[in-house]
Amino acid sequence: MTNLVNLENVSKSFGVRPLLDGVSLGVGRGDRIGVVGLNGGGKTTLLEVLTGLEPADEGRVSRLRDLRMAVVTQRTELAPGSTVRNAVLDPLGITEDHQWAADPRARSILTGLEITTLGLDSPVDTMSGGERRRVALAATLVRELDLVVLDEPTNHLDVEGVRWLADHLIARGTALVVVTHDRWFLDTVCTRTWEVVGGQVEQYDGGYADWIYARAERARVADTLEEKRRNLARKELAWLRRGAPARTSKPRYRIDAAEALIADVPPPRDNVELLAFAKRRLGRTVVELEDVSVSAGDKPILDRETWRVGPGDRVGLVGVNGSGKTTLLRLLAGDTEPLAGKRIQGQTVRLAHLTQELRELPPQMRVLEAVEEIARRVTLGKQDLSASQLAERFGFPANKQWTPVGDLSGGERRRLQLARLLMAEPNVLLLDEPTNDLDIDTLQQLEDLLDSWPGTIVVVSHDRYLVERVCDRVVALFGDGKITQLIGGIEEYLTRRTAALATAVPAKALAPSAEVTAVKASAADRRAAQKELARLERQVANLDKKESQLHAALAEAATDAAKLLELDAELRSVVASKDELEQRWLELADTAE
């Protein structure tokens, strides 16, 4: 079969640094390829050479005649003075609202990317960068194409939008090349993975999980990667096999060879030990909201709500864009005062708040000096690190640590901000979209640090993989003034949102046939129920294991009355949680069938 695009022995450099060196590869019809690699390693350059936005220095780039291709990169611009309607609908010849409402693809894209909430007649010049990226993405997806090329398309989407985009790209069957650090998206959408490393492009079958297996196996066989990176790959394998075995698209793909790598790797974290340590560091009270009301402008976020964040809690906070997640984090941090009620903070709390804004950094300092300004050494859980070692964890190797802060890119400043935050040794972390501008290797380093971090964490992130990896429970803002606990995690959140949208929008406006809509909704409900059932089964299995451990601990503590009371309370909590999960499982079983 003829490829849509071929690269033959292509090289590309900027200055004296080669980003692509003799690369040969091709994109076939129906391929869905995820591109991964370090920030600044050449991923975006590869896309731009592939699509003709940048010429190759050497080699040949050939494309199929009459190839229908569109690209949305971080440099994509919309025409000055245009509106959303001009950018998205005018090229299709759609001039009336009833026309796009009757077009299944246009309707799905405009609602799925929340373009209608921006206003079709809104000028793009006054929009934020994220809003413009969503409009550019919609303008690309509404077209009939053979190949779609996307650079970080999930950066400005919430969890629900990421799920919609994944479903849309799979359903349309168009060839896709995408750069993204969203590992759930990579695993769900991509059938092949390209890793850009050292000027070369390594090619793998499958998505993120398969790539991790292959990379760890390559380290085992060749034994050429440095020990630190190898250990991270081994730990990631342990997570994939123990925490979420269904993630890999090929459950037995290289697993036999990889089993030796993970045989002696402990679970990502010991929750019981971390919880005990957190209680000693923090005491009983961390941050509590009592009968609190808060708004963002005229929009109410919480209405007389009480919520307690305790020692060792690891909470993921989800909700649609504009639901008030950032406002709630600011309230927890004490940066915002409630309209009613009160915020209580424990006396031993040392709180650190990572915001989406880049806080002022000392531009005249070097990277290492900016980290050492906070402290020279830090203890994170069981890890004792120097300022230089922590900086290296966040993508600043020794030769980069003497770069002036003023010369850093936006992504590098974000990483430096996070390193300085952790250097202060807080015991409560509030993280607002911590994955923005981080490549996958840096994300693994961050998760490795958080795995053994004995404190309280509240995370707002559209990165579903990070939330499921780092957090033990998920809460949501649904716009009803409450903080809703989600036993089923993000999958339950998406199921609830789907149900809410189905009842909120008149069937006549959504589909030409109410009968067809009902059938599709039923199929979607079954798929969602089956996914949630699998998740519930894993959670019940974990609770079964924890229950057995607690019974054993009770037997060992038979003569310690205080310890017995503590263990008994924890056991009752585990049993209650298991009962709730099993009840939820029974409720979903009929739907899944």
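The largest nonpolar core in this predicted model has 49 residues. The residues with the most contacts inside that core are Val88, Leu113, Ile115, Val135, Leu141 and Phe185. Helix H6, residues 129-141, gives the most to this core, with six residues. Apart from this core lies another one, of 48 residues, and Val318, Leu429, Leu431 and Trp453 are among them.

Let me stay with H6 for a moment. How many of its 13 residues are buried? The count is 10, so H6 is mostly covered. The buried ones are Gly130, Arg133, Arg134, Val135, Ala136, Leu137, Ala138, Ala139, Thr140 and Leu141. Please note that Arg133 and Arg134 are in that list. What covers the buried residues of H6? The cover includes strand S5 (69-72), helix H2 (84-88), helix H4 (104-112), helix H5 (115-118), strand S6 and helix H7.

There is also a check on the length of H6. At 1.5 Å a residue, its 13 residues should span 18 Å.

Leaving out residues up to four places away in sequence, Phe185 touches Thr154, Val162, Leu165, Ala166, Leu169, Val178, Thr180 and Cys190. Two of these are worth a stop.

Take Thr154. Where is Thr154 placed? Thr154 sits in the loop between strand S6 (147-151) and helix H7 (159-172). Is Thr154 buried or exposed? Its relative accessibility is 0%, and the cut-off for buried is under 20%, so Thr154 counts as buried. Not counting residues up to four places away in sequence, Thr154 touches Val162, Leu165, Thr180, Asp182, Phe185 and His462.

Then Cys190. Cys190 has a relative accessible area of 6%, so it is buried. Cys471 is buried too, with a relative accessible area of 9%. How many disulfides does the model have? The count comes to zero.

Next, the sheets. An open sheet of six strands has the order S14-S17-S18-S12-S19-S20, and its pairing is mixed. Which strands are at the edges? They are S14 (351-354) and S20 (483-486), each of which pairs on one side only. On average, neighbouring strands of this sheet are turned by 20° against each other, with direction ignored. Helix H16, residues 410-423, packs on the sheet and touches S14 and strand S17 (428-432). The direction of H16 makes about 175° with that of S14.

For a pair inside this sheet, look at strand S12 (residues 314-318) and strand S18 (residues 456-460). They pair in the parallel sense over four bridges. Val315 stands opposite Val458 in S18. As background, strands of a sheet pair through backbone hydrogen bonds, either parallel or antiparallel.

For the antiparallel case, go to strand S1, residues 5-14. Seven bridges join S1 to strand S2 (residues 17-27), and the two run antiparallel. Phe14 stands opposite Arg17 in S2. S1 and S2 form a hairpin with two residues between them. Gly15, in the turn, has a positive phi of about 70°. S1 also pairs with strand S4 (residues 58-63), again antiparallel, over five bridges. In that pairing Ser11 stands opposite Glu58 in S4.

One more residue, from the last helix I will cover. Val574 is in helix H22, residues 561-592. Val574 is buried, with a relative accessible area of 4%. What does Val574 contact, leaving aside its neighbours within four places in sequence? The contacts are with Leu543, Lys546, Glu547 and Leu550. Lys546 is 28 residues away from Val574 along the chain, and their C-alpha atoms are separated by 7.7 Å.

Last, the totals. The protein has 22 helices and 20 strands. Of its 593 residues, 53% count as buried. Taking contacts between residues at least 6 apart in sequence, 70% join residues at least 24 apart. The pair of Val574 and Lys546, 28 residues apart, is one case to look up in the structure. That is my part.

Methods:
Residues are numbered from 1 along each chain as its sequence is written. This is a predicted model: local features need pLDDT of at least 70, side-chain atom pairs count only at pLDDT 80 or more; totals for chains, interfaces and linings use all residues. Side-chain values use heavy atoms; hydrogens and water are left out. Buried means under 20% relative accessible area, exposed over 50%, partly exposed in between (1.4 Å probe, protein chains only). Contact means heavy atoms within 4.5 Å. A nonpolar core is a set of buried Ala, Val, Leu, Ile, Met, Phe, Trp, Tyr and Cys residues joined through side-chain atoms within 4.5 Å. Two strands pair if DSSP finds at least two bridges between them. Axes are lines fitted to C-alpha atoms, for helices over the stretch in contact, and angles run from 0 to 180 degrees between N-to-C directions. A disulfide is a pair of cysteine sulfur atoms within 2.5 Å. The expected span of a helix is 1.5 Å times one less than its number of residues.
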